[in-house]
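I opened this model today to look up a few local details. Here are my notes, in the order I checked things.

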Amino acid sequence: MTKPEALTYERAGVSIEANDEMVEQIQSHVAGTFGPRVMGLKGGFAGMFRLDYDEKLFKRNYKNPVLVACTDGVGSKVQLAAEIKKYDSVGIDLVAMSVNDMLVQGAEPLFFLDYIAVHKLEPAVIAQMVKGVAAGCKMADCALIGGETAEMPDTYRKNDFDMAGFAVGVVERKKIITGSDVRKGDVILGLASSGLHSNGYTLARNVCFGKPGLKMTSEIDELGGRRLGDELLEPTKIYVRPVVRLLRQYKVKKVVHAMAHITGGGLVGNIPRVLPKDCNAVLQKSSWDKPEVFDFLQKAGPIEEAEMYRVFNMGIGFVLIVAEDFADAIARRLSSYGEKVYRIGRVTSGNGSVVTR
C-alpha cells in the first residue's frame, strides 16, 4: 500500500519561502522611509519609534504631546488594481486615507504600518504594493516601520487582495484643532483633489462596468483621451506637507479653525463633522474647477447632482475653515507650497449643515 504524501503548509496553499523572498524584496522600500527617530532592530517583532530625541541637529521635542491614530483601507478600488495588475498606486491611497484624516486634528504623521491579505503570495506583486506604501509615506514624511502580509487561499479568490493601513501621529495638546473655534464669517478654503481619491468606487464601478462597452483600457474622449483605468486608479492626494508647513507658520494665533478630509459622504457629509451646531457652511459650487471624471460619471450613470455631492469629493479633497482676516494670506501660502486653492464658501449662522448654491 502506497504511503500518502505528507501534508505541508505549502501544499495547503501557503509558502513560507515566498514570504522570505518577499521580505527581501521590500526591505529597501521600507528602509527608504526611515528618519532619525526610527530605531532599527534586525529580526524584531515590532517597529520602534522615538517620540523625542536629544540630537542637537534634529531636536524636536514635545511639551505636552498627544498621540493621534487612524486606520483605513482603499475599499473596492483594489479590485480595479487587481484587474489591470497595477499595484503601486493603491499603496499611496492606503497611506493617504489615514494621514489626511489625522491632519484634520492638526497632527503630523510619525509612522505607518500596513496589512496586506492575498490569495497567493507573489513576492514581486507584494513588492509593488509596498513600494507604493513607501512612496506615500515619503510624501507624508512618516516612517513605514512595520507590516503584515497574510496568504489566505481559502479566504480570497485568485488574484484578489485587500489592504489596511494604520498611522500614528502627534500634536501638541494646545494646538489640537477641533472645530470649536469656527464662527460666523469664517472663510472656507478648498484644496483641489486629484480625482476620485478612494471613495465612491462601488458606484463608479457600477457606472463604468455595469453596462457593456467600457473597459479599463478604454480611451475616453470626455477624459481627454485618457484610459479609464488610469483615471480610476489616480492615487489620492496627500496634503500633509503643505498643511503642516502652514500650521507651523502660526505659532501663537489659531487662524485655522477647522479642517476636513473629504472622503465618503463628500463635502456635504464631512464638513458638518467639524461645524458647531449653530453654524452652516455655505458653498458656491461654481467657485472651483471640477475634474472631468465627475461630469463623465454623472452623465454616464446617470446620477443626480445631489447624489454626486453626497458620494464624491467633486474636486475638493481637503477643506480648511479659517479666520476671515487671514484667508487671503493662507490661500497665498498654500498656493506657494504647490496647492491649487479655492475660496469655496463662508460660514453663516445655522444648524450645523452644508448648503450648496
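I call a residue buried under 20% relative accessible area, exposed over 50% and partly exposed in between, using a 1.4 Å probe and protein chains only. By that cut-off Cys279 is buried, as its relative accessibility is 5%.

A note on sources: this is a predicted model, so I keep local features only at pLDDT of at least 70 and side-chain atom pairs only at pLDDT 80 or more, while totals for chains, interfaces and linings use all residues. Residues are numbered from 1 along each chain as its sequence is written, and side-chain values use heavy atoms, leaving out hydrogens and water.

**Cysteines and H4**

I looked for disulfides (cysteine sulfur atoms within 2.5 Å) and found zero. Cys137 has its closest cysteine sulfur in Cys142, at 3.9 Å, which is too far for a bond. Cys137 is buried, with a relative accessible area of 0%.

Cys137 is among the buried residues of H4, which also include Pro123, Ile126, Val130 and Val133. Helices are DSSP runs of H or I with at least four residues, strands are E runs of at least two, and both are numbered from the N terminus. With 17 residues H4 should span 24 Å, and its end C-alpha atoms are 24 Å apart, so the two agree. Just after H4, I noted a positive phi of about 55° at Asp141.

**Ser218**

Where does Ser218 sit? I found Ser218 in the loop between helix H5 (201–209) and strand S8 (219–220). Ser218 is buried at 15% relative accessible area. A polar atom of its side chain lies 2.8 Å from the backbone nitrogen of Lys215. Leaving aside residues up to four places away in sequence, Ser218 touches Gly213, Arg226, Arg227 and Leu228 (heavy atoms within 4.5 Å).

**Rings**

I searched the whole structure for aromatic pairs and got four. Rings of Phe, Tyr and Trp (its six-membered ring) pair if their centres lie within 6.5 Å; planes under 30 degrees apart are stacked, over 60 edge-to-face and the rest tilted. Tyr250 and Phe326 make an edge-to-face pair, 6.0 Å centre to centre with 90° between the planes. Tyr250 lies in the loop between H7 (240–249) and S10 (256–261) and Phe326 in the loop between S12 (316–322) and H11 (327–336), so the pair ties together parts 76 residues apart in sequence. Tyr250 is buried at 16%, whereas Phe326 is partly exposed at 24%.

Conventions: A polar contact is a pair of N or O atoms within 3.5 Å; within protein, one must be able to donate a hydrogen and the other to accept it, and residues adjacent in sequence count only if both atoms are side-chain atoms. The expected span of a helix is 1.5 Å times one less than its number of residues.
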